[in-house]
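Welcome! Here is a short briefing to read alongside the sequence and the 3D view. Take a look at both, then follow the points below.

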Amino acid sequence: MIDILASYVSELITVEEEDWIDIIIDQAREIGVALTTLPQQLQQFLAKANAGKLEVRIANRSDSTSERNAFRFRQQLLNGVLFLATFLLFLFLRSNGDQIASWLSAIASGLFLLLYIYSSLR
């Protein structure tokens with residue numbers, strides 16, 4: 001940390017007097033521009049807010065193809081995982097002899113399979 005600060009300090013010390021004047025003028029110009037434009041922008045913002053004319057725009061990013069494809073992939077992955085889980089539950093319940101629960105899990109598994117197929121066709 002001290003090495004970094006020392007390099008900046010040594011750079012400032014070696015600057016010639018003419019360069020200092022240019023640096024001060026540039027900084028004063030930047031500060032002046034910031035001080036004149038900021039109050040105008042702030043005044044415009046407050047005037048719109050007080051008048052009830054403030055608009056907030058949110059870009060619709062869901063139109064992009066890559067985002068739609070990512071959404072479809074996540075939806076397809078979720079449906080596939082749920083199908084696999086309910087199918088394995090069906091097999092487990094059937095091997096244990098629980099008829100009603102195994103049929104319910106088979107129905108759920110079938111629904112998730114249909115959702116998986118439907119999401120892959122869209």
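Thr86 counts as buried because its relative accessibility is 13%, under the 20% cut-off. This comes from a predicted model, in which Thr86 sits in helix α3.

**Around Thr86**
- Setting aside residues up to four places away in sequence, Thr86 touches Ser105, Ala108, Ser109 and Phe112.
- A polar atom of the Thr86 side chain lies 2.9 Å from the backbone oxygen of Leu82.
- Residues three or four places apart on an α-helix point the same way, because there are 3.6 residues a turn.

**Helix α3**
- Helix α3 covers residues 65–95, which makes 31 residues.
- From first C-alpha to last, α3 reaches 45 Å, close to the 45 Å expected at 1.5 Å a residue.
- After α3 comes Gly97, which has a positive phi, near 85°.

**The protein as a whole**
- You will find 4 helices and 0 strands here, running α-α-α-α from the N terminus on.
- Of the 122 residues in the protein, 7% are buried.
- Among contacts with a separation of 6 or more, 47% come from residues 24 or more positions apart.
- The protein exposes about 10,700 Å², and carbon and sulfur atoms supply 66% of that area.

Conventions. Residues numbered from 1 in each chain as written. Predicted model: local features only at pLDDT ≥ 70, side-chain atom pairs only at ≥ 80, totals over all residues. Heavy atoms only, no water. Helix = DSSP H or I, 4+ residues; strand = E, 2+ residues; numbered from the N terminus. Expected span 1.5 Å × (residues − 1). Buried < 20%, exposed > 50% of the residue type's maximum accessible area, 1.4 Å probe, protein only. Contact = heavy atoms within 4.5 Å. Areas by Shrake-Rupley, 256 points an atom, 1.4 Å probe, with all protein chains shown as cover. Polar contact = N/O pair within 3.5 Å; in protein donor to acceptor, adjacent residues only side chain to side chain.
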